[in-house]
Amino acid sequence: MSKGKLGYFNPKKPMENRITDCGPQRYEQFLPPVIRKNYGKWVSHRILEPGLLMHVSETGDKVYTVRCGGARTMSVEHIREICDIADKHCGGYVRWTTRNNVEFITDSEEKAKALKKDLDARKFPAGSHKFPVGGTGFGITGIVHTQGWIHCHCPATDASGVVKSTADVLFEHFTDMKLPAKLRIALACCLNMCGAVHCSDIAILGYHRKPPIVDDKMIGGACEIPLVIAACPLYAIKPVTTPEGKKSVSVNYDKCMFCGNCYTMCAAMPLADSEGDCINILVGGKISNRITKPKFSKIVVAALPNNPPRWPEVTDTVKKIVDVYASDAKKYERIGDWAERIGWEKFFEKTGLPFTWHVIDDYRLAYDTLRTSTQFKFTEQAWAVSKTVGGI
Amino acid sequence: MGIPGQEHLWDKEVKGHRTYNDIRIFTDEQLKNYTEEELKNFKPKHDTPMLDELEKGPWPSFVSDIKREALHRKKLAQDDMMIPRDVADDLLGQVELSYVEKETHWKHGGIVGVLGYGGGVVGRYSDQQAKFPGVAHFHTYRINQPGGKFYTTDWLRGFCDICEYRGSGITNMHGSTGDMVILGTTSDQLEPIFFDLTHDLGVDIGGSGGNLRTPSDCLGKARCEFACFDTMDMCYDMTMTYQDELHRPAFPYKFKFKFDGCPNGCVASIARSDCAFIGTWKDDIRINQEAVKEYIAGKIPRNGGEMTGRDWGAFNIQEEVIERCPTQCMNWDGNKISINNGECTRCMHCIDVMPEALRVGADQGLSLLFGAKAPILEGARLATLVIPFIYAKSPYDNIKAVVRKAIDWWTEEGKNRERIGELINRVGLGTFLDVLGIPAMPQMVKEPRSNAYMFFKESEVPGGWKRDIKDYRKRHPA
């Protein structure tokens with residue numbers, strides 16, 4: 001490869017020797033030989049133990065896959081170690097999953113077991129696993145997440161740190177398969193929801209709670225004001241002229257719900273705040289069409305403190321939800337299926353999560369989420385309403 | 001497609017293939033330049049007491065890993081790196097500051113890129129440049145991942161060398177859309193990286209901005225018996241067909257393709273792509289009655305062995321399969337299982353529970369759904385069904401014709417930063433059907449509308465809409 005500051009690039013003739021529109025590398029050349037041979041010929045599969053899959057082909061061939069956890073943010077030193085392992089055990093082939101786990105594919109069970117042992121033994125000097133084997137079946141696999149304070153300009157929380165804290169607390173479910181169904185956790189550090197937060201069994205979401213601060217000095221030079229106005233889902237932003245005669249905008253605080261989309265459009269409207277920013281918890285989303293249709297996740301906790309480096313309030317809440325679900329749900333029931341069967345009032349009662357007015361929808365189609373029925377179950381929170389009006 | 005004549009450049013099964021040694025930057029000595037002991041005792045440039053807490057616990061620690069990169073860089077010569085040596089140290093330093101202050105320290109936005117393209121690089125600048133000069137410029141580079149995220153170590157090591165020589169040595173494997181991500185480099189390295197990627201690795205960059213983003217796929221037929229079409233081939237084909245739309249933003253907003261081989265949705269296309277291709281079949285589920293009996297006898301673990309961590313009792317086919325079927329179209333008579341396939345909605349449950357006894361049908365294609373997106377601006381949307389079944393055979397001309405119509409219409413009619421799902425919502429699905437030239441079907445709705453605010457086209461109504469009040473008054477004096 002090229003060396004030196006500019007490498008192959010010649011700034012005097014920038015379009016010379018430029019290759020464009022060549023796309024990704026073609027996939028076949030990266031497939032292990034046994035995968036190529038049996039491509040499209042698979043007839044069934046089985047998970048032999050946590051983290052170890054076996055696929056059977058109509059040719060009689062079997063492949064054994066060992067899956068291990070990945071932190072997603074990883075150094076090239078880490079990738080090189082993955083390459084060393086793949087060279088040693090798998091003929092130099094490796095893949096990643098859609099949830100950022102790493103998979104090593106072999107053609108025999110013995111090789112797979114040796115590989116599993118090798119992976120589980122590798123640790124960082126401070127003690128965490130480098131390649132914990134698991135992430136298969138009815139457990140909790142890798143947490144899909146975002147950039148957080150490592151690289152993004154609009155987060156309300158960190159991503160990698162919250163994920164690490166949560167994955168540590170739930171680690172036993174990564175290496176075992178003892179839940180009623182798959183449990184997918186995702187995190188997004190703001191409500192742009194890059195990734196899978198809106199459709200996960202449990203989702204962790206960074207949320208602002210203060211309106212943006214308008215930088216009147218900067219906005220005229222930095223932002224296209226009509227775009228800023230159009231960026232607001234609740235029409236809270238209006239154009240104004242400041243007393244100094246400068247073009248700017250005003251924010252109606254009563255209408256602002258802190259989504260941050262105006263900041264996405266305009267650097268002069270920052271809203272991050274160390275005290276205001278918090279974390280929501282959503283539950284009950286899913287993507288598969290299995291038994292029930294795909295579902296959105298629903299907000300069940302409006303605001304937990306942003307408490308680095310370990311976010312104990314968040315990890316406690318997530319663990320509590322997982323524990324109650326694990327003991328109460330039926331086989332094959334995802335969290336959303338379970339919550340809908342028992343009713344959301346029972347979900348709140350069983351998990352002990354406080355139900356607050358924030359989680360009652362008030363955006364446009366909110367009506368569809370209200371209870372237009374006398375079918376409900378009595379819980380303490382229902383008695384509290386009755387007591388308030390002297391009903392009992 | 002790709003670089004002509006180089007489609008198998010990296011194929012280890014092909015004679016004369018390219019290897020890591022052909023393009024490597026670092027020698028073995030440079031790569032193995034520290035010991036475990038040194039790593040254990042390594043103190044990065046900044047104190048990071050809060051981040052150090054995240055080195056504890058069993059899950060792989062990103063902090064421990066970034067420290068390893070910091071040490072590796074520390075022991076390379078300065079002319080072995082084109083961006084600051086301390087980039088990994090300063091990244092940890094800045095993130096530690098964010099942990100203390102609980103606010104991000106990245107400046108807003110940043111527009112950088114490579115000539116000829118309008119996307120693929122996300123610019124980022126620190127707002128603490130004096131304190132953390134190593135991350136003053138910290139742009140991310142999106143690189144178009146191979147199908148199914150399969151790699152050879154030769155190619156991957158080449159990627160690592162570029163990433164470390166011209167970048168921070170820190171990556172995301174992978175971005176949520178699918179790209180490989182070089183996390184952190186400087187503006188002056190963007191063009192050199194691009195030349196190395198295209199010339200030496202033979203790979204292009206991914207999408208960002210108002211364009212087609214990098215398509216991604218489940219691993220499909222490579223290692224799954226459920227795959228109803230060749231997700232990897234189609235993803236590659238569509239990526240190559242739409243290279244111009246991917247690299248040069250010409251759309252009102254972003255647009256994503258995702259390819260799921262079956263309704264299990266392993267790449268989440270129904271939630272995370274504007275245009276979701278989801279495999280399905282239109283004939284009968286294939287049944288192996290002998291294997292069904294083996295499940296009942298407990299010889300094969302249910303659900304592919306995914307539930308073996310807990311004692312769920314003996315497998316009860318009536319309770320776990322027949323009664324869980326959402327359409328109640330299955331029957332077990334104590335000896336044979338039967339399926340009324342005309343009533344089956346292909347949810348995958350029975351196949352998921354007994355993958356060694358039941359198989360997806362043999363007459364396979366895909367369903368096409370449009371419009372998924374995250375909340376901003378009008379609320380989150382899942383993709384909605386538009387085409388129930390279409391054969392998916394290379395070169396996919398039938399599917400491309402439909403997709404082209406949808407994109408051309410949205411490009412014309414979509415407002416600034418309006419996703420196609422929001423446009424369909426704004427003008428009504430009926431308008432979209434006209435655009436695609438397809439009739440309406442009950443499968444497009446969960447239920448028919450309950451309000452009666454229906455539009456009719458003038459051409460549908462006898463006599464049209466031009467009426468004279470005088471004629472009306474002849475019958476109805478005022």
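Reply: Across the interface of chain A and chain B, 17 salt bridges are found, a salt bridge being a side-chain nitrogen of Lys or Arg within 4 Å of a carboxyl oxygen of Asp or Glu. The side chains of A:Glu103 and B:Arg223 form a salt bridge, at 2.8 Å from N to O. The model is predicted: local features need pLDDT of at least 70 and side-chain atom pairs count only at pLDDT 80 or more, while totals for chains, interfaces and linings use all residues. Residues are numbered from 1 along each chain as its sequence is written, chains are lettered from A and ligands numbered from 1 in the order in which they are written, and side-chain values use heavy atoms, with hydrogens and water left out.

The size of an interface is often given as the accessible area lost when the parts come together. Here chain A and chain B bury about 14000 Å² between them, 58% of it on carbon and sulfur atoms; buried area is the accessible area (1.4 Å probe) that two parts lose on being put together, summed over both. In chain A, 148 residues are in contact with 165 residues of chain B, where contact means heavy atoms within 4.5 Å.

An aromatic pair also joins the chains. A:Trp149 and B:Tyr99 pair edge-to-face, with 5.5 Å centre to centre and 75° between the planes. (Rings of Phe, Tyr and Trp, the last by its six-membered ring, pair if their centres lie within 6.5 Å; planes under 30 degrees apart count as stacked, over 60 as edge-to-face and the rest as tilted.) The pair joins two chains because A:Trp149 lies in the loop between α3 (109-121) and α4 (160-169) of chain A, and B:Tyr99 in helix α6 (residues 87-101) of chain B. Helices (H or I, at least four residues) are DSSP runs, numbered from the N terminus. A:Trp149 and B:Tyr99 are both buried, that is, under 20% relative accessible area (1.4 Å probe, protein chains only), with exposed over 50% and partly exposed in between.

The largest nonpolar core has 74 residues, and A:Trp96, A:Phe104, B:Tyr141 and B:Leu156 touch the most other members. Such a core is a set of buried Ala, Val, Leu, Ile, Met, Phe, Trp, Tyr and Cys residues joined through side-chain atoms within 4.5 Å. Leaving out residues up to four places away in sequence, A:Trp96 touches residues including A:Met74, A:Ile79, B:Tyr151, B:Leu156 and B:Met173. Another core lies apart from it, with 68 residues, among them A:Ile150, A:Ile321, A:Ala339 and B:Ala88.
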